[in-house]
Amino acid sequence: MYDFKEDLDEIKNKGLYREMRYLEAAQGSKTVIDGRQIVMMASNSYLGLCDDIRLKKAACQAIDDFGVGAGGSRLTTGSYALHRRLEEELARFKGTESCIVFNSGYAANIGTISGIADKDWTIFCDRLNHASIIDGIRLSGARLIVYKHCDMNDLESKIHKYHKGKGLIVTDGVFSMDGDMAPVMDIVKLARRYNLMTMVDDAHATGVLGQSGKGTLEYFCLKDEVDINMGTLSKAMASEGGFVAGKRILIDFIRHKAKSFIYSTALAPHNIAAALEALNIIENEPLIRKTLKEKSDWLRSKLIDSGFDIPLGNTPIIPLIVGDSMKAVRFSKLLYDEGIFIPAIRPPTVPEGTGRLRISVMALHTYDELELALKNIVLIGKKLMLVPQ
């Protein structure tokens, strides 16, 4: 009999045991956990739309019109007019010919990669890419070649060494645990030079980066130069699901080959209606992105001034590297006791020895809330000897 308890005890001893917090109210700049009001600095709802009245009204209207469930997979009874409209709107927003919506970002990545690639492919993958990308490559049977994080010399060296036949370079646009951006322009140049396809996972950039919120490609002024443009509906867009945008023939192929699409019950119509409303807000209210950027920059600079080792960046994801996993957990717990929710991120989500707090700023945060978080981060950081007394 497998001894799960022994393995769980080992996980606990390493400081890697995970416990879930259960929210008892809607997710804004604050929420309620364990009966207490808590400042929320852990959410991917960067634009603060999870509790937006316009999204809620759109979702309620969709429930009135279509009911609460999809009733089947997209290829059977689960495709509603709303699904088609969202896919058309996302394709227009991303400047591509077509788009396909999946049930999650994870499903989008594993379905797309395992659908297009097989053992005859070589896929070059940034070391810090999301787990769904790695899993998709492994599921495809393609040869997985990992290059050093954002290191274009290492990538080109490995292309020279391993590239034969069909190949793909895949990268996160914004890396979820570090908040930095991939050098997408350089990746596109290498892909052109060596006749490789490109895929960018823009889960954390869609709605956040670029003049119109279109993501990393707009930020770098790239158009029609990345083959597979993946995003999610569950972060800045505050709903559920993921999507892939690209040329019509590619999307049609994915629709026929991605098992995570074919064999999953479709997203319920109210999720799609909420995503459509979020897209409307992203396109028509650029002030939210400007506000988010200003508040993220403010907190990042204050943390750097306080002595923390914080990388420069342009995203609302601020990693505070602690190193030891147990210390990261303690840091998070002490903050929670003060009414601030910032999770400790530990291996295998991040590499060994890089346990951290993942601070996530929302456009909704007030400067009073950010000041409160900063004050407590600094006090506890001194107590844990992470910054000078």
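## Leu 287 and the basis of the model

Leu 287 is exposed, with a relative accessible area of 57%; exposed means over 50%, buried under 20%, and partly exposed in between (1.4 Å probe, protein chains only). Leu 287 belongs to helix H12 (residues 286-305). Helices (H or I, at least four residues) and strands (E, at least two) are DSSP runs, numbered from the N terminus. Leu 287 and His 149 are separated by 138 residues in sequence and by 32 Å in space, C-alpha to C-alpha.

The model is predicted: local features need pLDDT of at least 70, side-chain atom pairs count only at pLDDT 80 or more, and totals for chains, interfaces and linings use all residues. Residues are numbered from 1 along each chain as its sequence is written, and side-chain values use heavy atoms, with hydrogens and water left out.

Asp 154 lies in helix H6 (residues 152-162). This residue counts as buried because its relative accessible area is 12%. Leaving aside residues up to four places away in sequence, Asp 154 touches Val 146, Tyr 147 and Lys 148; contact means heavy atoms within 4.5 Å.

Tyr 17 is placed in the loop between helix H1 (4-13) and strand S1 (30-33). Its relative accessibility is 36%, so Tyr 17 counts as partly exposed. With residues up to four places away in sequence again not counted, Tyr 17 touches Leu 8, Ile 11, Lys 12 and Arg 346. Tyr 17 and Phe 331 stand 314 residues apart in sequence and 15 Å apart in space, C-alpha to C-alpha.

Two strands pair if DSSP finds at least two bridges between them. S1 and strand S2 (residues 36-40) run antiparallel and are joined by four bridges; Val 32 has Gln 37 in S2 as its bridge partner.

Another open sheet of three strands has the order S10-S13-S12, and its pairing is antiparallel. Strand S10 (317-323) and S12 are the edge strands, each pairing on one side only. Two bridges join S12 to strand S13 (residues 355-360), and these strands run antiparallel. Ile 345 has Arg 356 in S13 as its bridge partner. H13 packs on this sheet, touching S10, S12 and S13, and its direction makes about 35° with that of S13.

## Pockets

Rolling a probe the size of a water molecule over the atoms shows where empty space is left. On a 1 Å grid over the protein atoms alone, a cavity is a set of points where a 1.4 Å probe fits but cannot get out, and a pocket is an open set with protein on both sides within 12 Å along at least five of seven lines; lining residues have an atom within 4 Å of a point. Grid points are joined across faces, edges and corners, and a volume is the space filled by probe spheres set on the points.

The largest pocket holds about 1200 Å³ of space. It is lined by 42 residues, of which Arg 18, Glu 19, Pro 343, Ala 344 and Ile 345 are closest to its centre. Helix H4 (105-116), strand S8 (228-232), helix H13 (325-337) and strand S12 (344-345) each supply at least two lining residues, and H13 gives the most, with five. The lining divides into 17 nonpolar, 14 polar and 11 charged residues; Ala, Val, Leu, Ile, Met, Phe, Trp, Tyr, Cys and Pro count as nonpolar, Asp, Glu, Lys and Arg as charged, and the others, Gly among them, as polar.

The structure holds one cavity of 30 Å³ or more. The largest cavity has a volume of about 50 Å³, and its lining residues include Arg 74, His 83, Phe 102 and Phe 261. That lining divides into five nonpolar, three polar and one charged residue.

Technical notes: Axes fitted to C-alpha atoms, helices over the stretch in contact; angles between N-to-C directions.
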